[in-house]
Amino acid sequence: MPKDKNNGREMTPDEKFRSFFSTTAVDIPEEMTRRDEDQPEEKPEKRFGLFGRGKAKQEADEAAEEQLQEMPTGEVRLGEDAQPEPEADLELMLKPEADPEQELAPWPFLEKEAEDAQPEAPAKKPEKKSAPQTAEPPAAVKPETPRQSAVPAARPAEQHSTAKPPRHPKNAPEVLLPQEEQEQQEMAQLKAMINGLSDQKPEKPAPRAEAAPAAETEPAESKKKPSGAPLPAAVFAAVKETAPELQPEPVPQPEKQPVVDFFGKAQSEDAPQAPLAPAEEPAAKEDTMSLPLLPLDGEGPQQAPEKAPAAPQPELKAEAEDAVSPEEHAETELTEPEATADKLHRMSAELTLRCVLGGILAVVLLHFGLVSDGLLPAMAALDPDAAPAAFYGANLLLLAASLCVGFPVLRDGLNGLRGRPSSETMPALAAVAALVQAVTAMLNANVYRGTTGISLLSGMAALGLFLALLGSRVMLAAVKGGYELVTNGVEFESAYRAKDKDLLRALARDLEQKDPWVLLSRPMKEADGFVEQSLSERASERRARKVSYILLGVALLSGVLFLLAGAGWNKAAAAMAAVLCMGAPLSSTLIAGVASLRLQRAAAAVGAVVPGWQAIEQLGGIDTLQIDADDLFTADSAQLEDIRIFKGGRIDRAILYAASVLNESHGTLKGLFRQIVEERTDILFPVKDLEQHHGLGFSAWCDNNRILIGTRRYLGQEGVPLPDEEYEMQHSKNGELQILYLAVSGNLHAMFVLKYVGGRNVARGLAVLQKENIRLLVTCQDPSLTAHHITEAYRLPEGMVTVLDQEQCNAIKAAPADPEDTCCMIHLKAFASLTGGLQAADQAQNAESSATTVQMVSVLFSIIIAALLTSAGSIWELSVATVLMYQAAWSALSIAVCALKQHN
């Protein structure tokens with residue numbers, strides 16, 4: 001229990017309460033001393049607002065409420081120290097019985113009180129002074145919560161003094177400086193106006209001349225009338241009732257734009273996103289996120305710049321109506337490679353479906369044929385003996401469905417007789433002959449069934465259509481795989497056969513053959529025409545059309561002979577169908593498809609693509625190949641055996657000079673010297689005026705010195721003194737190693753002794769070229785590398801390698817690129833890819849040629865058999881089983897030859 005310090009007795013609760021709020025009964029630590037302690041004490045002024053009565057009970061209530069509040073800082077306020085500073089002149093008070101009309105318009109009341117407080121003020125128009133402020137204070141009028149709505153609307157005037165002032169929020173300071181009060185008022189106004197943007201519609205500010213009369217009526221009109229029970233309103237009350245000289249003089253303020261204009265017009269938020277409003281309604285088109293410029297103090301308000309007229313909405317609507325559909329827009333956005341790949345995908349899916357349906361129909365029709373021959377039992381509903389018309393009618397319907405599924409084969413095959421040759425011509429002719437036979441059998445069902453030994457060959461025709469579709473599907477798979485490889489984003493080179501006469505003349509200068517087929521490679525720009533070239537005409541198709549004419553002639557001759565002999569239409573139709581079905585090979589398109597697919601896979605394994613048969617034929621005639629020395633030797637293939645430094649030279653300078661100059665080139669030596677300096681290109685010297693002389697060397701300016709790197713011949717031409725030839729032969733081991741000289745500012749600086757080692761993969765490729773008798777034209781940037789060194793490194797025969805000089809290299813660069821040149825091959829920039837593509841193309845050509853030869857032999861053999869059987873008068877008696885086994889044997893043989901040739 002606390003005790004009194006004077007007499008040591010315990011204090012009563014009343015004394016403890018009084019001593020707690022007394023400044024004389026508390027010992028304040030030195031750290032908690034107020035800053036204004038030395039100032040003279042002023043008598044605290046009572047702040048009870050306009051309706052205060054100064055009663056003691058109200059003072060006790062205020063003291064109890066102050067005890068419950070928490071101070072926001074560590075400063076302790078005791079007794080009278082907690083009173084506000086005299087600069088504060090206004091305070092927010094609660095007015096429980098406030099009239100709704102007075103709550104909405106408090107400004108006349110304030111003006112009247114200001115006039116009462118300052119009767120001797122100079123005659124000014126206070127309305128004009130306060131007019132700019134009328135747009136700001138109404139923000140504090142809006143109550144925060146409706147919890148006081150239960151208070152009666154009317155109370156006696158005697159109860160006004162009993163209303164308690166509103167409690168301050170927790171941790172809020174009791175006394176605020178004038179600047180802090182002004183900031184809080186502005187924040188409260190700003191929040192209230194933001195919250196009321198959606199409820200009130202801003203009006204255009206009145207002109208200056210009419211500001212005074214509008215100041216009294218505008219707040220009451222612009223406020224929204226409350227509904228329901230009256231709410232407690234926060235109004236301003238005068239806190240000073242002392243002498244007028246203590247009250248602050250009103251400071252005139254210039255007119256300011258309302259704060260609500262900072263956030264645009266409220267109407268713009270309620271407006272629709274795309275209104276079709278006329279141009280004279282700027283509120284509907286105003287940008288609500290733009291901030292207008294406010295005038296500075298002492299300046300007049302600036303007019304907002306006029307906005308450019310917005311685009312008319314009807315035009316936008318018309319554009320939206322004319323817009324394409326999403327599917328069409330997606331197709332137009334596809335690039336050419338993507339569109340081609342999508343087209344190939346759709347074609348592949350369509351052919352797959354046709355193959356499935358065609359295979360099913362072929363099996364069913366073969367069953368009908370075997371039932372007709374009595375090799376398989378018939379169904380009860382379709383018994384050829386009991387109901388021949390139904391049997392032959394069902395056979396005709398199934399054959400018609402098979403012809404619809406195989407329509408591409410019929411179209412291309414029949415056009416191949418007059419237009420572009422096609423391997424599908426013979427299967428198409430067999431299908432037409434089978435259709436004639438099926439129609440004849442249905443029209444004469446009873447007679448046809450009564451003819452002993454006659455058969456139905458609709459199943460063989462349907463099987464031919466199915467295998468033709470299958471061959472086209474396999475061919476399309478090969479084309480699709482090649483196109484996907486070419487368009488995968490990797491940099492490829494296109495190989496062309498050189499046809500420029502001037503270029504061929506320059507390249508053949510050192511060759512024995514004066515008209516060589518030279519294969520040149522250039523960077524590939526785009527894959528235009530790849531699909532068309534891959535599906536171009538093949539040599540096997542040209543031969544197939546010639547044989548088709550012969551087969552068709554024999555079939556027609558056989559039918560005419562039977563008609564002339566009086567055998568009737570049934571036997572004549574059966575004879576023509578037998579000749580064509582036996583002569584049309586089942587592997588007509590399968591051979592080309594299988595050869596192309598195996599070619600594509602073999603070439604893709606080394607990163608190459610051969611587009612079509614025309615490219616295969618071009619590659620088959622190539623006898624000279626132009627390559628770069630970088631394709632034969634990599635950076636690891638070149639080795640630095642020794643460095644000889646001459647008088648005045650330094651080994652570190654020699655390596656830096658050589659690495660700096662060779663780093664600007666693109667040869668094998670660049671990789672070698674980069675390895676020597678450990679890829680630290682930052683230590684190299686800048687190089688200027690680099691000149692390259694093929695077969696001789698390099699010249700450049702480096703570190704303010706003229707650097708020469710090259711052979712003995714090149715430095716001798718430049719007048720650089722060189723050592724004896726015996727010294728050079730001694731270090732080069734009699735020409736086994738390469739010598740490269742370095743001269744700095746006309747003086748011999750160093751001699752590099754180099755050695756090239758061949759690679760294993762390159763040796764395999766060169767062995768393939770040697771087997772095909774293909775010569776090499778090598779462009780080399782290493783002046784020390786000669787044809788003799790390449791031949792010795794890979795043990796090639798003499799004359800197979802020729803290193804091109806400066807003139808020949810310039811001729812290759814200057815050769816024009818003819819867009820009509822056929823791209824023979826697309827390959828990676830690697831020797832293995834080039835030679836691998838050549839080898840795959842050669843194998844594909846041999847395989848397809850051999851297989852088609854076997855196929856043509858089978859057709860010719862079939863023609864001979866048909867002619868013999870026609871002369872014997874029994875060609876119409878060929879059964880489905882006989883023709884099926886005959887065709888299966890020849891087709892299996894041709895496909896096996898194709899696969900074996902490519903495998904070897």
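**Close-up 1. Glu-336 sits in helix H11, which covers residues 336-372.** Welcome to the first stop in this predicted model. Is Glu-336 buried or exposed? With a relative accessible area of 51%, Glu-336 counts as exposed, because the cut-off for that word is over 50%.

**Close-up 2. Gln-626 belongs to strand E6, made of residues 624-628.** Here the relative accessible area is 12%, so Gln-626 is called buried, a word used for values under 20%. Which residues does Gln-626 touch, if we leave aside its neighbours within four places in sequence? Its contacts are Leu-519, Leu-520 and Ser-521, together with Leu-777, Thr-779 and Ile-812.

**Close-up 3. Val-897 is part of helix H32, running over residues 880-903.** The relative accessible area of Val-897 is 21%. Because buried means under 20% and exposed means over 50%, Val-897 is described as partly exposed. Setting aside neighbours within four places in sequence, Val-897 is in contact with Ser-850, Ala-851 and Val-854. How many residues apart in sequence are Val-897 and Thr-852? They are 45 residues apart along the chain, and their C-alpha atoms are 9.3 Å apart in space.

Notes:
Residues numbered from 1 in each chain as written. Predicted model: local features only at pLDDT ≥ 70, side-chain atom pairs only at ≥ 80, totals over all residues. Heavy atoms only, no water. Helix = DSSP H or I, 4+ residues; strand = E, 2+ residues; numbered from the N terminus. Buried < 20%, exposed > 50% of the residue type's maximum accessible area, 1.4 Å probe, protein only. Contact = heavy atoms within 4.5 Å.
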